[in-house]
Amino acid sequence: MVNEFEEVLSVCIDRIVMGDSVEDCLLRYPDHARELEPLLRTAIAARQAGAVKARPEFKAVSGYHVRAAFRERTAKHVSSKRGAFQWLPRWAVATAVVLVVLVVGATGTVAAASDALPGNVLYPVKLAGERVQMAVTFSDEGKAKLYIEFADRRAAELVNLAATDAPERIEETAARLTSNLAALEALAAAGRGPADETKAAELEQELARHAARSLDALDKAQTETQETAKEAVDQARDKMLQGYNSALEAMQKRGR
Amino acid sequence: MQQEQDLVQRARRGDPEAFECLYEASFDKIYRYISFKVRQQQDAEDLTQQVFMKAMESIGSFRWRGVSFSAWLFRIAHNQIVDFYRRNSRRNTVPLEDNLAIHDSGPYSDPEAMAERNWQIEELSQACLQLTPAQREVISLRFAGELSVAETAQTVGKSQGAVKVMQHEALRKLRQIMLPVTEEMDGQRV
């Protein structure tokens, strides 16, 4: 049986988790203040003990692995339900997809989509095109180059979005950028990428150049950022910096 | 809650963006909850990833039967931790060395303050070992996982009233065990 004090304590704990201070709670329940105070101080200690944050690079890499596994699982599920096309070998399906994209591209849709920004109706076409490009790239070196290129595109989109009043799109784009860089980092961490040391060093330098150029461009764009999007742009910059640093670090380790 | 239900339905149909949203919304809480219980960064990271992999594999079987997605996810986390301790039954101590990195900025950003805080956290971890398993679970879910009483009740399979009673008892006991520590921490805001 819950007594009144236990109800009050529970409410106060919820408020503390939301950021209220002990004093706020005591003022709200003066009749229980004496008994509440020591317990709420202990609650604060418990909350502080639990307030650890994951390493951002772990969060990014883990997110990449989980997303990749989810996509793979979904793809397997879909392929097991291919029905009428089940007799087709995978390479034939991939080729057909590429042909469709090329045909559609010939009509100008994909070409037009290449400049699309998040929020634009053609933007999903741009992302779909990238996924196809990645799916038909089989070498680790090719994949690494694509991740760098896609990260560069996301960075360019962020620069364009920085002057708009669209913090959600900025956050989404920053998440996609982080995802591309995390994929590159995971590739390097697994010891994959260019087989040749010189090529690996060139790729690393290329990434460093892209990172410097993108950060510089975003810094310049920040002067025109609207107040409502300022926080999102600041966070996007932090993520960009962190992502590039982690990917570079992984590539450097791989080169050693 | 409605948004969470929509996301779960979409994820069950194989929508990767929906699953990504669920992942983003739950990641920090699950990581904190696991860290609170295993106290080693590498183990916490491995277990966190395992939880989401497991959730991904099992989401097709998830049903809304009075249990929210968060509660379901925390049950997976709880089970993973139980398995982890079964596999590593020798690990019944909580070493200070190689403890969880605290990535907070602010008052704990200098090494001395961080070491002090780690020591206080360690005291609390040790004090928690003197609680009953059920009390310890409630404290972990409420303070590290930031679950509501209702969600905690769903996760541990008890009534909300029982959870309120357990958290009261647990806090009272913790207060007695670590009185000097909490006095030192008094005055610090969350």
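A:Arg47 lies in helix H3 (residues 33-50) of chain A, while B:Glu146 sits in the loop between H6 and helix H7 (149-156) of chain B, so the pair joins two chains. Helices here are DSSP runs of H or I with at least four residues, strands are runs of E with at least two, and both are numbered from the N terminus.

Residues are numbered from 1 along each chain as its sequence is written, and chains are lettered from A and ligands numbered from 1 in the order in which they are written.

How exposed are the two partners of that first pair? For this I call a residue buried under 20% relative accessible area, exposed over 50%, and partly exposed in between, using a 1.4 Å probe and protein chains only. A:Arg47 counts as buried because its relative accessibility is 13%, and B:Glu146, with a relative accessible area of 22%, is partly exposed.

Let me turn to the interface as a whole. Contact, meaning heavy atoms within 4.5 Å, takes in 56 residues from chain B and 44 residues from chain A. The buried area, which is the accessible area (1.4 Å probe) that two parts lose on being put together, summed over both, is about 4,700 Å² between chain B and chain A, with carbon and sulfur atoms giving 63% of it. The rule finds six salt bridges across this interface, and another cross-chain pair is B:Glu45 with A:Arg55, where the closest N and O atoms are again given as 2.7 Å apart. On the side of chain B that touches chain A, helix H2 (16-38), H3, helix H5 (111-128), helix H6 (133-144), H8 and H9 of chain B each supply at least two residues. The largest share of that side, twelve residues, comes from H2(B). By type, the residues on that side of chain B divide into 26 nonpolar, twelve polar and 18 charged, where Ala, Val, Leu, Ile, Met, Phe, Trp, Tyr, Cys and Pro count as nonpolar, Asp, Glu, Lys and Arg as charged, and the others, Gly among them, as polar.

Now to chain A on its own. Chain A has eleven helices and zero strands, and buried residues make up 43% of its 256 residues. Of the contacts in chain A with a separation of 6 or more, 67% are between residues 24 or more positions apart.

Over all chains, the salt-bridge count comes to 24. Within chain A, A:Lys145 pairs with A:Glu141 at 3.5 Å between the closest N and O atoms; being four residues apart in helix H8 (residues 140-161) of chain A, these two are separated by about one helical turn. A:Arg237 and A:Asp219 form a salt bridge with their closest N and O atoms 2.5 Å apart. That pair links distant parts of the chain, with A:Arg237 in helix H11 (residues 227-255) of chain A and A:Asp219 in helix H10 (residues 197-221) of chain A, 18 residues apart. A:Arg237 is partly exposed at 21% relative accessible area, and A:Asp219 is partly exposed at 31%. There is also a network of salt bridges that links A:Lys126, A:Glu130, A:Glu149, A:Arg153, A:Arg154 and A:Glu157.

Finally, a word on confidence in chain B. The average pLDDT, the predictor's confidence in each residue from 0 to 100, is 81 for chain B, and 79% of the residues score at least 70. In chain B, confidence is highest in helix H8 (residues 160-177), at a mean of 93, and lowest in helix H9 (residues 179-185), at 59. Over residues 92-108 of chain B, pLDDT stays under 50, although the model has 41 contacts beyond four places in sequence for that stretch. Where pLDDT is low, the predicted coordinates should not be read in detail.

Note on methods:
This is a predicted model: local features need pLDDT of at least 70, side-chain atom pairs count only at pLDDT 80 or more; totals for chains, interfaces and linings use all residues. Side-chain values use heavy atoms; hydrogens and water are left out. A salt bridge is a side-chain nitrogen of Lys or Arg within 4 Å of a carboxyl oxygen of Asp or Glu.
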